[in-house]
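Hi there,

Please read them with the model open.

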Amino acid sequence: MPAETPAQTQTPPRQPQPKTFHVKSFGCQMNVYDGERMAELLAAQGMTASDERDGADLVVLNTCHIREKATEKVYSDIGRLRRADGSTPLIAVAGCVAQAEGEEIMARAPSVKVVVGPQAYHRLPEMVADAAAGKSGTETDMPAEAKFAALPKRRRSGPSAFLTVQEGCDKFCTYCVVPYTRGAEISRPFADLVEEARLLVAGGAREITLLGQNVNAWAGQDDKGRAIGLDGLIRVLAADPDLARIRYTTSHPNDMSEGLIAAHGEIDKLMPFLHLPVQAGNDRVLKAMNRSHTVESYLKILDRVRAARPDIALSGDFIVGFPGETEAEFQDTLDLVGQVRHAQAFSFKYSPRPGTPAATMDGQIAAEVMDERLQRLQAALTRDATAFNQASVGRRCQVLVERRGRHEGQWLGKSPWLQSVHFTGEAAIGDLVTVDLVQAGPNSLAGQLVG
Ligand code: SAH
Ligand code: SF4
Ligand code: F3S
């Protein structure tokens, strides 16, 4: 669905340098982190952030390529940016669609003047300046380390901050575009991360979520030159007295080291929550997905994590309708879900992605079959999430206050188990308050402020 015809933009009009910008992020937490960094970059150039994209001189669409729907959303959004008088703001497409489609984006949507991939967005300000002067540009190089070095220092942060520590993926699951859009696995250096965490805490963060496409593959050297893994990094960050909570996501079962599992029992500030995608509950399907774990090895990891931290909340990702998946194999996924009892989980219909091996596999599953399987899986996951929340009723816990609720005097925050909790009373954003959990639904809990 072309957003417009190429004829409309044969002579690129010069636009004045943009003064206001709006960044919209479509993807995962790493994509959100990139969106924050791009906003910081543009602000450092003297531009002003605008909450609404209508009216902003520059709109950055920070895109996601993971499923077809996510990609198509970008093009409908580009179309919607056209103003009543036919003009558009300066449009930049960043993120994983930019990496995957490159210049094709401008061919399909000529109102886009800048295309910049996830490892090259430190170049955004100069590309925007060029585009405003009439010179469109595409940049999809992958020098991840150069990017981080060129970004401005972190200054302000909300109570819960993201910190990308690892990027890229070498796992090549047969359905997935991430290894192509994000490149090879790299770990950011220890010293840079300690510094960025310190700045985030100084800027207001009480909680930091360490991010990576395979965050538990992070490896580095501490300040004494010793080789450490993610657990070692968490240990160092936990020593900051002003940082209250640490989380990490997303993990791959293969990189779930003994040290990281043990850390869940040893580091109080490491929250009792683990997002460990399994994707399917059948070994033949897992093999065809190139997941490199089996149902048994996955369940063993969970046993060890539960032994280290009995109250851990477990989360995962699932794909239904992978090519060749039979009803019996899908049933195995339901059985696995019944065994694990996730606190929350994400589930998706398989979406064939251009260039991935699974897209051309035999046995592509009909849409109606996928719909029906997804419904059954989601019913099971909702049942388990509701049960997990109900089992929390009666618990006393700390809630990190993140924002105001819809009702007068109401606040919203997160429990240690990443549940959304709402309560009313005296509080402020960034407070860690004690609440009694008194009522539960599938997606949130009501709390009563203590003291
Ligand atoms: N690195 C993470 C996941 C990144 S993508 C991991 O390995 O777990 C987030 C989730 O999107 C995946 O866990 C998977 O469940 C889903 N996903 C990825 N590619 C997909 C595709 N082609 N179709 C449907 N879901 C997909
Ligand atoms: Fe994609 Fe697999 Fe890598 Fe996760 S581990 S990002 S699902 S290729
Ligand atoms: Fe999407 Fe890229 Fe993240 S494809 S899920 S934004 S790594």
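Arg-154 counts as buried because its relative accessibility is 5%; buried means under 20% relative accessible area, exposed over 50% and partly exposed in between, with a 1.4 Å probe and protein chains only. You will find Arg-154 in the loop between helix 6 (144-150) and strand 7 (160-164). Helices (H or I, at least four residues) and strands (E, at least two) are DSSP runs, numbered from the N terminus. The side chain of Arg-154 makes two polar contacts that I'd point out: one with the side chain of Glu-196 at 2.9 Å, and one with the side chain of Glu-40 at 3.1 Å. A polar contact here is a pair of N or O atoms within 3.5 Å; within protein, one must be able to donate a hydrogen and the other to accept it, and residues adjacent in sequence count only if both atoms are side-chain atoms. Leaving out residues up to four places away in sequence, Arg-154 also touches others, including Tyr-33, Arg-37, Phe-162 and Leu-199; contact means heavy atoms within 4.5 Å.

A word on the basis of all this. This is a predicted model, in which local features need pLDDT of at least 70 and side-chain atom pairs count only at pLDDT 80 or more, while totals for chains, interfaces and linings use all residues. Residues are numbered from 1 along each chain as its sequence is written, chains are lettered from A and ligands numbered from 1 in the order in which they are written, and side-chain values use heavy atoms, with hydrogens and water left out.

Helix 6 itself holds Lys-147. Lys-147 has a relative accessible area of 0%, so this residue is buried. Its side chain is joined to that of Glu-167 by a polar contact of 3.0 Å. Beyond its neighbours within four places in sequence, Lys-147 is in contact with Asp-34, Pro-118, Gln-119, Tyr-121, His-122 and Glu-167.

Next, the strands. Strand 13 (residues 245-249) is largely enclosed by the rest of the structure, because five of its five residues are buried. Arg-245, Arg-247 and Thr-249 cover one side, with Ile-246 and Tyr-248 on the other, and all are buried. Strand 10 (residues 207-211) runs parallel to strand 13, joined by five bridges, and Ile-208 stands opposite Ile-246. Two strands pair if DSSP finds at least two bridges between them.

There is also a closed barrel of five strands, in the order 17-18-19-21-20, with mixed pairing. Within it, strand 17 (residues 396-404) pairs with strand 20 (residues 432-440) in the antiparallel sense over five bridges; Cys-397 has Val-435 in strand 20 as its bridge partner.

Finally, the ligands. A residue is near a molecule if one of its heavy atoms lies within 4 Å of it.

- Ligand 1 is surrounded by 15 residues, the closest being Gln-213, Pro-277, Gln-279, Asp-317 and Ser-351. A nitrogen atom of ligand 1 is 2.7 Å from a polar backbone atom of Gln-213.
- Ligand 2 has a shell of seven nonpolar, two polar and two charged residues. Ala, Val, Leu, Ile, Met, Phe, Trp, Tyr, Cys and Pro count as nonpolar, Asp, Glu, Lys and Arg as charged, and the others, Gly among them, as polar. Among the surrounding residues are Cys-169, Cys-173, Cys-176 and Arg-291.
- Ligand 3 has Cys-28, Cys-64, Cys-96 and Gln-213 among the residues around it.

Enjoy exploring!
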